[in-house]
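Open the model in your viewer and keep the selection tool ready. We will go from stop to stop, and each stop tells you what to select and what is there.

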Amino acid sequence: MQIVYETMYILRPDLREEQIEQAVNKYQTFIQEQGAEQIEIQNRGKRRLAYEIGKQREGIYIQMNYQGSGTLIAPLERSMRLSEEVIRYLTIKQEVSEKTTPEDDAEDE
């Protein structure tokens, strides 16, 4: 069953542009190989952290939204945990209602 997930991860602020691209592509390819679909990636840019993480005061925020099975989350997070570029990550399951399209609402009237 396909479920919608959002993974937000924070990369070290001292990474060069090509290193950021490599990291983003690495995780995008990883979830594609695990069967994820409708992948959307947004680079939220460098932001100040709420608190210091590993002597870092800033981080580069990357958000991935995708559909996939729950079995791809554990290997993805393990890969992020072992990575030196990622300083934090979080995956949440998004609630998606079955009936959300405007066409469905128009039929009810």
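Select helix H2. The buried residues of H2 are covered by elements including E1, H1, E3 and E4. Buried means under 20% relative accessible area, exposed means over 50%, and partly exposed lies in between (1.4 Å probe, protein chains only). Helices (H or I, at least four residues) and strands (E, at least two) are DSSP runs, numbered from the N terminus.

This is a predicted model: local features need pLDDT of at least 70, side-chain atom pairs count only at pLDDT 80 or more, and totals for chains, interfaces and linings use all residues. Residues are numbered from 1 along each chain as its sequence is written, and side-chain values use heavy atoms, with hydrogens and water left out.

**Stop 1**

Show the side chains of Ile-73, Leu-76 and Met-80 in H2. These residues are buried. Now look down the axis of H2. Its buried residues fall within an arc of 70°, so they line one face of the helix. The arc is that of the directions from the helix axis to the C-beta atoms.

Which residues are exposed on the other side of H2? Select Ala-74, Arg-81 and Leu-82: they are exposed there.

**Stop 2: the sheet**

Hide the side chains and colour the strands. An open sheet is formed by 4 strands, in the order E2-E3-E1-E4, with antiparallel pairing. Two strands pair if DSSP finds at least two bridges between them. Strand E2 (37–53) and strand E4 (86–93) are the edge strands, and each pairs on one side only. Neighbouring strands of the sheet are turned by 20° against each other on average, direction ignored.

Zoom in on E2 and E3. How many bridges join E2 to E3? There are 10, and the two strands run antiparallel. For one example, select Arg-47: its bridge partner in E3 is Gly-59.

**Stop 3: helices across the sheet**

Bring the helices back. H1 lies across E1, E2, E3 and E4, and runs at about 25° to E3. H2 lies across E1, E3 and E4, and runs at about 165° to E4. Axes are lines fitted to C-alpha atoms, for helices over the stretch in contact, and angles run from 0 to 180 degrees between N-to-C directions. Contact means heavy atoms within 4.5 Å.

**Stop 4: the nonpolar cores**

A nonpolar core is a set of buried Ala, Val, Leu, Ile, Met, Phe, Trp, Tyr and Cys residues joined through side-chain atoms within 4.5 Å. Select Tyr-9, Leu-11, Met-64 and Tyr-66. They have the most contacts inside the largest nonpolar core, which has 19 residues. Strand E1 (3–11), helix H1 (17–33), strand E3 (56–68) and helix H2 (73–82) each supply at least two residues of this core. Which element gives the most? H1 does, with 5 residues.

Next, select Ile-10, Leu-49, Tyr-61 and Ile-87. They are among the 5 residues of a second, separate core.

**Stop 5: Gln-56**

Select Gln-56 in strand E3. Is Gln-56 buried or exposed? Gln-56 is buried, with a relative accessible area of 18%. Leaving aside its neighbours within four places in sequence, Gln-56 is in contact with Arg-12, Pro-13, Leu-49, Tyr-51 and Ile-87.

**Stop 6: salt bridges**

The structure holds 4 salt bridges. A salt bridge is a side-chain nitrogen of Lys or Arg within 4 Å of a carboxyl oxygen of Asp or Glu. Visit three of them here.

- Arg-12 and Asp-14 meet through their side chains in a salt bridge (3.0 Å, N to O). Arg-12 is partly exposed, at 21% relative accessibility.
- Glu-85 and Lys-26 also form a salt bridge with their side chains (3.8 Å, N to O). The pair links distant parts of the chain, 59 residues apart: Glu-85 is in the loop between H2 and E4, and Lys-26 is in helix H1.
- Glu-52 and Arg-57 join their side chains in a salt bridge (3.8 Å, N to O). Glu-52 is partly exposed at 42% relative accessibility, and Arg-57 is partly exposed at 45%.

**Stop 7: positive phi**

Most residues other than glycine have a negative phi. Select Gln-38, in strand E2. Its phi is near 50°, a positive value. Gln-38 is exposed, at 58% relative accessibility.

Finish with Lys-55, in the loop between E2 and E3. Phi of Lys-55 is near 70°, again a positive value. Lys-55 is exposed, at 76% relative accessibility.
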